[in-house]
Amino acid sequence: MDENVCCPPFDPTPWKNTLVSFDDRKFVKKRVRTFFFIPLNFGQVMRTAQAQIERAGAKVVDNMALSNHVSRWTMEVLVAVDREVPGQKMAFLKGQLLSNVYEGPFKNTGIWCKDFEALAKKRNVPIHTWYMWYTTCPKCAKKYGKNPVVILGA
């Protein structure tokens, strides 16, 4: 991988307008402080999570970190891992989630969410929990010239 990027290239094909199956996928569960949904300590939380995962001999799977805004003040982040990480809060996702990929600046999130709601309605998939997967960090998005974001709903 290019030394100027830390995120692997993202292939959106398997995530576009589809149902994806998670078979007891394992996640380390972290909390991020937000101010009106804007993350305040996301980078710090992710660096700490990565260090804890590596210390346990585990690996992050698919560079996946799912964000769930539970309030204006808190966001849960689920980091996909290949095994349980001792001493960390874990979450397990099982079943099918509706998935679609969006591209562009984060200011378009509201537009993406409306489109995703319409897709869920069209596919007759009730959405109780939303997850945003920011597949590429800002530095790598700039390098790649793309900012793919996956919305998943279950």
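## Ground rules

A quick definition before we start: a residue is buried under 20% relative accessible area, exposed over 50%, and partly exposed in between. Keep in mind that this is a predicted model.

## Phe36 and Trp73

The ring count here comes to nine aromatic pairs. One of them joins Phe36 and Trp73, edge-to-face, with 4.9 Å centre to centre and 65° between the planes. That pair links distant parts of the chain, 37 residues apart. Phe36 is in the loop between β1 (18-35) and β2 (38-39), while Trp73 is in the loop between β3 (60-69) and β4 (74-81).

## Phe106 and Tyr134

Phe106 and Tyr134 also form an edge-to-face pair, at 5.4 Å centre to centre and with 85° between the planes. Here again distant parts of the chain are linked, 28 residues apart. Phe106 belongs to the loop between β5 (90-103) and α2 (109-122), and Tyr134 to strand β6 (residues 130-134).

As for accessibility, Phe106 is partly exposed at 40%, and Tyr134 is partly exposed at 26%.

## A cluster and a charge

Ring pairs also tie Phe10, Trp15 and Trp133 together into a cluster.

Which ring has an arginine lying over its face? That would be Phe22: Arg25 lies over it, 4.8 Å from the ring centre.

Terms used: Residues are numbered from 1 along each chain as its sequence is written. This is a predicted model: local features need pLDDT of at least 70, side-chain atom pairs count only at pLDDT 80 or more; totals for chains, interfaces and linings use all residues. Side-chain values use heavy atoms; hydrogens and water are left out. Rings of Phe, Tyr and Trp (its six-membered ring) pair if their centres lie within 6.5 Å; planes under 30 degrees apart count as stacked, over 60 as edge-to-face and the rest as tilted. Helices (H or I, at least four residues) and strands (E, at least two) are DSSP runs, numbered from the N terminus. Buried means under 20% relative accessible area, exposed over 50%, partly exposed in between (1.4 Å probe, protein chains only). A charge sits over a ring if NZ of Lys or CZ of Arg is within 6 Å of the ring centre and within 35 degrees of the ring normal.
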